[in-house]
Amino acid sequence: MKRNLALMLVGFAAYAFALVFSQKLLQTGPHGDTARILLSLAPMLPAVFICGVIIRTIRHLDEMQRKLQVEALAFAFAGTALLTFGYGFLEGAGLPTLSMFVVWPLMAALWVIGTVIGRIRYG
(Lines give C-alpha, C1' and ligand atoms only; values in the text may rest on other atoms or scores of the structure.)
Protein backbone atom coordinates (compact mmCIF):
# COMPACT_ATOMS: atom_id res chain seq x y z
CA MET A 1 0.00 0.00 0.00
CA LYS A 2 2.89 2.38 0.74
CA ARG A 3 4.30 1.62 -2.69
CA ASN A 4 1.02 2.58 -4.36
CA LEU A 5 0.88 5.81 -2.36
CA ALA A 6 4.45 6.61 -3.44
CA LEU A 7 3.54 5.89 -7.06
CA MET A 8 0.49 8.17 -6.77
CA LEU A 9 2.65 10.97 -5.40
CA VAL A 10 5.12 10.50 -8.25
CA GLY A 11 2.22 10.59 -10.71
CA PHE A 12 0.78 13.77 -9.21
CA ALA A 13 4.20 15.43 -9.22
CA ALA A 14 4.71 14.45 -12.86
CA TYR A 15 1.23 15.74 -13.68
CA ALA A 16 1.91 19.10 -11.99
CA PHE A 17 5.24 19.41 -13.80
CA ALA A 18 3.74 18.50 -17.18
CA LEU A 19 0.86 20.91 -16.65
CA VAL A 20 3.04 23.88 -15.73
CA PHE A 21 5.65 23.07 -18.37
CA SER A 22 3.12 22.62 -21.18
CA GLN A 23 1.22 25.79 -20.26
CA LYS A 24 4.44 27.84 -20.22
CA LEU A 25 5.43 26.50 -23.64
CA LEU A 26 1.96 27.11 -25.03
CA GLN A 27 2.15 30.77 -23.95
CA THR A 28 5.50 31.40 -25.60
CA GLY A 29 6.18 28.53 -27.92
CA PRO A 30 5.06 26.61 -30.93
CA HIS A 31 2.63 28.04 -33.41
CA GLY A 32 1.88 24.85 -35.31
CA ASP A 33 -1.42 23.14 -34.62
CA THR A 34 0.11 19.69 -34.11
CA ALA A 35 2.67 20.96 -31.58
CA ARG A 36 0.00 22.90 -29.69
CA ILE A 37 -2.26 19.84 -29.54
CA LEU A 38 0.56 17.59 -28.32
CA LEU A 39 1.63 20.11 -25.69
CA SER A 40 -1.96 20.55 -24.54
CA LEU A 41 -2.27 16.79 -24.08
CA ALA A 42 1.11 16.33 -22.35
CA PRO A 43 -0.40 16.29 -18.82
CA MET A 44 -2.53 13.33 -19.88
CA LEU A 45 0.51 11.01 -19.86
CA PRO A 46 0.96 11.21 -16.08
CA ALA A 47 -2.85 11.16 -15.72
CA VAL A 48 -2.93 7.78 -17.48
CA PHE A 49 -0.19 6.60 -15.11
CA ILE A 50 -2.26 7.75 -12.11
CA CYS A 51 -5.29 5.85 -13.43
CA GLY A 52 -3.16 2.75 -13.74
CA VAL A 53 -2.02 3.09 -10.12
CA ILE A 54 -5.65 3.46 -8.98
CA ILE A 55 -6.69 0.33 -10.89
CA ARG A 56 -3.70 -1.58 -9.53
CA THR A 57 -4.53 -0.46 -6.00
CA ILE A 58 -8.15 -1.59 -6.31
CA ARG A 59 -7.08 -4.96 -7.74
CA HIS A 60 -4.94 -5.59 -4.66
CA LEU A 61 -7.68 -4.79 -2.13
CA ASP A 62 -9.48 -7.53 -0.24
CA GLU A 63 -13.02 -8.39 -1.32
CA MET A 64 -14.74 -6.13 1.18
CA GLN A 65 -12.62 -3.08 0.35
CA ARG A 66 -13.07 -3.77 -3.37
CA LYS A 67 -16.85 -3.94 -2.89
CA LEU A 68 -16.76 -0.64 -1.02
CA GLN A 69 -14.77 1.03 -3.81
CA VAL A 70 -17.02 -0.34 -6.56
CA GLU A 71 -20.07 1.01 -4.72
CA ALA A 72 -18.34 4.37 -4.18
CA LEU A 73 -17.43 4.55 -7.87
CA ALA A 74 -21.01 3.65 -8.85
CA PHE A 75 -22.25 6.46 -6.58
CA ALA A 76 -19.76 8.86 -8.18
CA PHE A 77 -20.66 7.77 -11.70
CA ALA A 78 -24.42 8.06 -11.18
CA GLY A 79 -24.13 11.29 -9.19
CA THR A 80 -21.91 12.91 -11.81
CA ALA A 81 -24.28 11.85 -14.58
CA LEU A 82 -27.31 13.28 -12.78
CA LEU A 83 -25.65 16.54 -11.76
CA THR A 84 -24.02 17.28 -15.11
CA PHE A 85 -27.14 16.31 -17.08
CA GLY A 86 -29.30 18.42 -14.77
CA TYR A 87 -26.95 21.37 -15.08
CA GLY A 88 -27.14 21.03 -18.85
CA PHE A 89 -30.84 21.85 -18.59
CA LEU A 90 -30.02 24.81 -16.36
CA GLU A 91 -27.60 26.12 -19.00
CA GLY A 92 -30.58 26.13 -21.35
CA ALA A 93 -32.35 28.35 -18.80
CA GLY A 94 -29.52 30.87 -18.92
CA LEU A 95 -27.00 29.71 -16.30
CA PRO A 96 -23.35 29.99 -17.38
CA THR A 97 -21.75 27.18 -19.36
CA LEU A 98 -19.33 25.17 -17.25
CA SER A 99 -16.01 23.87 -18.49
CA MET A 100 -15.46 20.13 -18.87
CA PHE A 101 -12.74 20.60 -16.24
CA VAL A 102 -15.55 20.64 -13.64
CA VAL A 103 -16.53 17.02 -14.29
CA TRP A 104 -13.49 15.21 -12.85
CA PRO A 105 -13.33 17.17 -9.57
CA LEU A 106 -17.06 16.56 -9.17
CA MET A 107 -16.63 12.84 -9.77
CA ALA A 108 -13.63 12.67 -7.42
CA ALA A 109 -15.56 14.49 -4.68
CA LEU A 110 -18.50 12.11 -5.09
CA TRP A 111 -16.10 9.13 -5.01
CA VAL A 112 -14.74 10.36 -1.68
CA ILE A 113 -18.28 10.90 -0.35
CA GLY A 114 -19.26 7.43 -1.56
CA THR A 115 -16.22 5.93 0.15
CA VAL A 116 -17.07 7.69 3.42
CA ILE A 117 -20.68 6.48 3.20
CA GLY A 118 -19.45 2.94 2.50
CA ARG A 119 -17.06 3.00 5.45
CA ILE A 120 -19.85 4.16 7.75
CA ARG A 121 -22.21 1.55 6.31
CA TYR A 122 -19.77 -1.36 6.46
CA GLY A 123 -17.61 -0.08 9.33
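Val-102 is partly exposed, with a relative accessible area of 36%. Partly exposed here covers the range between buried, under 20% relative accessible area, and exposed, over 50%, with a 1.4 Å probe and protein chains only. The model is predicted: local features need pLDDT of at least 70, side-chain atom pairs count only at pLDDT 80 or more, and totals for chains, interfaces and linings use all residues. Residues are numbered from 1 along each chain as its sequence is written, and side-chain values use heavy atoms, with hydrogens and water left out.

Val-102 sits in the loop between α4 and α5. Helices are DSSP runs (H or I, at least four residues), numbered from the N terminus. Between the C-alpha atoms of Val-102 and Asp-62 there are 32 Å in space, and 40 residues in sequence.

Asp-62 marks the other end of α4. Asp-62 caps the N-terminal end of this helix, with a side-chain oxygen 3.1 Å from the backbone nitrogen of Met-64. Helix α4 runs over residues 63-92. Its 30 residues should span 44 Å at 1.5 Å a residue, and the end C-alpha atoms are 44 Å apart, so the two values agree. The expected span is 1.5 Å times one less than the number of residues in the helix. Just after α4, Gly-94 adopts a positive phi of about 110°.

One side of the account of α4 concerns burial. Its buried residues are Leu-68, Gln-69, Ala-72, Ala-76, Gly-79, Thr-80 and Tyr-87. These buried residues pack against α3 and α5. Contact means heavy atoms within 4.5 Å.

Thr-115 belongs to helix α5. Thr-115 counts as buried because its relative accessibility is 12%. Leu-68, Gln-69 and Ala-72 are among the buried residues of α4.

Tyr-122 is also found in α5. With a relative accessible area of 28%, Tyr-122 is partly exposed. Not counting residues up to four places away in sequence, Tyr-122 touches Met-64, Lys-67, Leu-68 and Glu-71. The side chains of Tyr-122 and Glu-71 are joined by a polar contact of 2.8 Å. A polar contact is a pair of N or O atoms within 3.5 Å; within protein, one must be able to donate a hydrogen and the other to accept it, and residues adjacent in sequence count only if both atoms are side-chain atoms. Tyr-122 and Gln-65 are 57 residues apart in sequence, yet 9.6 Å apart in space, C-alpha to C-alpha.

The pockets come next. Rolling a probe the size of a water molecule over the atoms shows where empty space is left. A pocket is an open set of points on a 1 Å grid over the protein atoms alone, where a 1.4 Å probe fits, with protein on both sides within 12 Å along at least five of seven lines; lining residues have an atom within 4 Å of a point. Grid points are joined across faces, edges and corners, and a volume is the space filled by probe spheres set on the points.

The largest pocket has a volume of about 650 Å³. Its lining holds 18 residues, and Tyr-15, Pro-43, Met-44, Ala-47 and Trp-104 lie nearest the centre. At least two lining residues come from each of α1 (2-28), α2 (33-41), α3 (44-59) and α5 (103-122). The lining has 16 nonpolar, two polar and no charged residues. In this scheme Ala, Val, Leu, Ile, Met, Phe, Trp, Tyr, Cys and Pro are nonpolar, Asp, Glu, Lys and Arg are charged, and the others, Gly among them, are polar.

The second largest pocket contains about 420 Å³ of space. Of its 18 lining residues, Ile-54, Thr-57, Ile-58, Gln-69 and Trp-111 are the closest to the centre. Helices α1, α3, α4 and α5 each supply at least two residues of this lining. The largest share, six residues, comes from α5. By class, the lining divides into twelve nonpolar, five polar and one charged. Ile-54 is found in helix α3. Apart from residues up to four places away in sequence, Ile-54 touches Met-8 and Trp-111.

Two residues remain. Ser-22, in helix α1, is buried, with a relative accessible area of 1%. Beyond its neighbours within four places in sequence, Ser-22 is in contact with Leu-39, Ala-42 and Pro-43. Pro-30 is found in the loop between α1 and α2. At 23% relative accessibility, Pro-30 counts as partly exposed. Pro-30 touches Leu-25, Ala-35, Arg-36 and Leu-39, not counting residues up to four places away in sequence.
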